[in-house]
Each structure stands twice: as structure tokens, then as C-alpha cells.
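Open the model in your viewer and keep the selection tool at hand. The stops below say what to select next and what is there.

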Amino acid sequence: MGHGGRDAVDEIAEQWARERPDVPVGAIGVVARVLRIAKAFADHRRRTLAALGIDSATFDLLATLRRSGAPFRMTPAELTQACLVTGGAISQRVARAEAAGLVETRRTTGGHTSAVELTPAGRERIDRDIAEFLAAEERLIAHLAPEERGELTRLLRALNAGL
């Protein structure tokens with residue numbers, strides 16, 4: 001299949017248009033492709049993280065702390081918002097990463113976590129892993145010209161904003 005050529009999704013849309021001319025098929029071209037691309041990206045991400053020897057949740061936690069900038073420390077509430085998961089999920093992620101020596105927690109006198117911070121080992125780990133991870137993601141879109149990437153980014157941003 002060539003760059004920008006016909007694909008299986010075109011055939012699906014044409015089949016539905018033939019079999020059910022009374023129903024709209026225009027969205028198939030966008031939705032079916034986005035779903036197929038999302039699956040390909042998710043599968044690739046899983047393989048990349050497995051090769052790095054880190055689970056997705058820990059990677060996400062370390063990356064969120066690292067990109068927050070020095071001192072690489074966030075509250076559980078900030079992490080919950082940034083990672084788009086529940087407080088319970090953050091607690092589990094933090095506990096696993098803390099047991100692995102990748103983060104340390106600061107606690108209130110009542111024993112609640114007040115802050116989560118990357119340890120030097122955690123920073124070293126995410127700095128190494130993120131370089132390999134982003135290089136792998138770059139290879140996924142290497143076939144697109146810079147102007148195509150810009151246009152696709154703009155269109156996806158608009159699609160996302162409309163949802």
C-alpha cells in the first residue's frame with residue numbers, strides 16, 4: 001500500500017455504501033483509520049516498553065515527574081490530574097516505583113503522601129528510557145514529510161477539541 005493510496009478502509013466504506021445506501025458512511029474514513037492507527041501505536045508502545053523492561057504505568061509516572069522540571073516533585077493530586085488516572089491508581093504506581101527505588105515520597109504527620117519525587121536512580125532511568133522511547137515513536141512517523149506532520153497535528157488537535 002503506497003503513501004496516500006487506497007486501503008482496506010476505503011473498501012469497507014464502499015461496501016457499506018453499496019449495501020446500505022440509506023446510512024451515512026463518511027465518518028468511516030476517519031474513525032476506522034484512527035482506531036487502526038491507535039491500535040498500531042498502542043501495540044508498538046507495549047513492545048517498546050517491554051524491550052526497555054518497564055511497565056507503562058511506571059514509565060508514565062517517571063515521565064510525568066521528569067518533565068515537570070526540577071525538583072521533579074509533584075503532589076498526588078497533581079499526578080492524578082497529569083496522568084489522567086484515579087488517585088488509587090497513582091497510589092499503586094507510586095508504591096511500585098518507590099519499592100523499586102525510582103521515587104521517594106514525603107509524608108504528612110498523618111502519614112498521607114504529600115509529595116512524590118524522582119530519586120537520582122529514577123531520573124537516570126527515565127532519561128535513558130525516554131530517549132529510546134521517543135526515538136522509537138519518531139520511527140513510526142518517519143515516512144511523513146515535516147509539512148504533513150504539521151498538518152496532521154493540526155487536524156488531530158481540531159478533531160480532539162471537537163470531542
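**Stop 1: two helices**

Select helix H3 (residues 56-67) and helix H4 (residues 76-83): they pack at an angle of about 110°, with their axes 10 Å apart. Helices (H or I, at least four residues) and strands (E, at least two) are DSSP runs, numbered from the N terminus. Axes are lines fitted to C-alpha atoms, for helices over the stretch in contact, and angles run from 0 to 180 degrees between N-to-C directions. H3 and H4 are therefore roughly perpendicular to each other, a label given to angles of 65 to 115 degrees, with under 35 counted as roughly parallel, over 145 as roughly antiparallel and the rest as oblique.

This is a predicted model, in which local features need pLDDT of at least 70 and side-chain atom pairs count only at pLDDT 80 or more, while totals for chains, interfaces and linings use all residues. Residues are numbered from 1 along each chain as its sequence is written, and side-chain values use heavy atoms, with hydrogens and water left out.

Now show side chains. Asp60, Leu61, Thr64, Leu65 and Arg67 of H3 meet Leu79, Ala82 and Cys83 of H4; contact means heavy atoms within 4.5 Å.

**Stop 2**

Next, select strands S1 (73-74) and S2 (103-107), the edge strands, each of which pairs on one side only. They belong to an open sheet of three strands with the order S1-S3-S2 and antiparallel pairing. Two strands pair if DSSP finds at least two bridges between them.

Methionine 74 has valine 116 in S3 as its bridge partner. H3 packs on the sheet, touching S1, S2 and S3, and its direction makes about 85° with that of S3.

How many bridges join S2 to S3? There are five, and these strands run antiparallel.

**Stop 3**

Last, select Arg45, Leu49, Ser56, Phe59 and Ile126, which are among the residues lining the second largest pocket. Which helix gives the most to this lining? H3 does, with six residues.

Note on methods. 1 Å grid on protein atoms, 1.4 Å probe; cavity = no way out; pocket = protein on both sides within 12 Å on 5 of 7 lines; lining within 4 Å.
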